[in-house]
Amino acid sequence: MTEHDELRNDLVVDGAFGGGYLIRGGANTAPALVDGWPSHRLGQLTYHLHPRTLLHTAGGDGGPGRVVILGTPVDVPGGMADGQAICERTLAAWASGGRDAAVRYLAYLGGRWIAVLDLQNPSKNAGWTDETPPKIVGSGQIMVVPDAQATQAVFWSSAAGVAFGSQPALVAATVGAGPDEAAEQMWRTLRAARAKGVVFLPGTMTTHEDVLPLVPNHLLGIHLDGPVASVRHERFWPFEDRVERTDTARVTSEFIDYFREHTALLCTLGRPVVSLTGGKDSRTTLAAALPHLREDSFTFTYYNPRDGLVGEGAPLDVFTANALATSIGVQHRVLHWRQPAKGSVFEEIYDRTYPVRRGSTGAAHAMWADLPHDIIHLQSIGAELGTTFYTQRTDAPITPGRLLEIVTNRTGLDPALAEAAFGDYLDYAQFAPEHIGGYNYHDVFYWEQRMGKWGYQKYQDGDFAHRMLMPFNDRGLIELMQSLPYPLREQKVLLEAVLATVPALDPERLRGHVADEPLRPADVDESPITWRDVVAARPHLRPRVRRAAARLRRRAGGMP
């Protein structure tokens, strides 16, 4: 192998399945896809970790078993982003309160991670008694718990032993599964039914046969008996029924504190940068992150030139984001959305990760090619869980047909298509009113289906190059947002409250200003910044703009 070939191989290994993992047990072998990855034998399982994946573990001999956490968990109530300490706290909860206590502690962690609880000492029930036995009985008991939105995705199969991993291709290669032709036909059918908008594989479908998704708000219970495994997919949330809250001021105060603390903890994990548009979701993230940005932090927006030919939305996102960032003294970059060249390193990275169906590669390629690879990328996906997304809501019962209507935004589709899409999903996800605790099923469906089946690909887009983290990926935040009455959620009152703490992030302040009108009051010891200054400052910020930004950060940090 030449030096050039070695360099190319290193780049492909670093990019493909970025930040991912494969975990095996029983009768299977590691596929070539994980060649070059570190591996660890912990308890009954072998962990193959992408070179950029973080591993934390606690326990083993004595106690209830072993806890393994992959990724970057943060404990917002505890004010902690130390993955090892969080792992040890999980073990302590398990030892003192049993599985339920450990799962509940994990459930309210922020950050981005998966956890594995491996019961290595069956004689120590870890809090279970004969009156409250574990749901899967026997030694070799393993539980897999995802983060709030399953942003560190889990796909699994028990076709040969047990394997679970961050992408279907990793699991399929381990158990010898091939592409699922029925799933491919389903995707084409749904795309024909919905020519525009997001399409994803519905229900339990993945790109490969015998490979299933771990749905957000569920865990896997695995019984490993030598070479053979049995697996149950089990709902653990909600812990309590939803209670609507009308004390809006109290909810708002709690949300601002919680969101700021979660974002602050994420910013301690590396150099933070913020993907920014003119929308409220990303501006809210920027408002919370602003006091914690570093000198070398920045915002960015990617832009597809073709979008500029069909409407003003994409250009306005770029211009608004650029003006907002500049007005607060933060560098802004525009990424050129583009396809990778044939035969390029990134094409190989993408094809290795998605061997069956390629999605839109433009944004993923732009981030891999144009952004530093040592950043923490704050992405605002998930805010809509607490505001609204599916707005066409009815009181119709939960059926495969109703779920198909939601994802296609069409009625009158073939009942056989609905059954193929969601016929087994209602049982698999225990998706029924009596299991979702008074939460609106449109909200829960969006959370568990769209975020679980479409969202993970958006996160992988960033993970090819760096670590993507979501400030809205926290169960406590989501429950707070969903506790408000629907009209208040629809008005995004909580996001508005965060944005009100940083008035400079209001795009209305930038629209219609004449060239020399101040963008904020002249209450400092030098002339105020004007729109002319903003234009002149791009793409490199003037020192006076930076000084003004420093003052703004100090003020934001001191706000209640």
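A150 is a buried residue, with a relative accessibility of 3%. Buried here means under 20% relative accessible area, exposed means over 50%, and partly exposed is in between, with a 1.4 Å probe and protein chains only.

Before I go on, this is a predicted model, where local features need pLDDT of at least 70, side-chain atom pairs count only at pLDDT 80 or more, and totals for chains, interfaces and linings use all residues. Residues are numbered from 1 along each chain as its sequence is written, and side-chain values use heavy atoms, leaving out hydrogens and water.

Back to A150. Its phi is near 50°, a positive value in a residue other than glycine. A150 sits in the loop between β7 (141–146) and β8 (155–157). Helices (H or I, at least four residues) and strands (E, at least two) are DSSP runs, numbered from the N terminus.

Which other residue has a positive phi although it is not a glycine? D210 does, at about 65°. D210 is found in the loop between α4 (181–193) and β10 (212–213). At 53% relative accessibility, D210 counts as exposed.

Next, a peptide bond. The one from W237 to P238 is cis, with omega near 10°. P238 belongs to the loop between β12 (228–235) and α5 (248–267). As background, most residues other than glycine have a negative phi, and most peptide bonds are trans.

Now the whole chain. It has 18 helices and 17 strands. Of its 560 residues, 58% count as buried. Take contacts, meaning heavy atoms within 4.5 Å. Among those between residues at least 6 apart in sequence, 72% join residues at least 24 apart.
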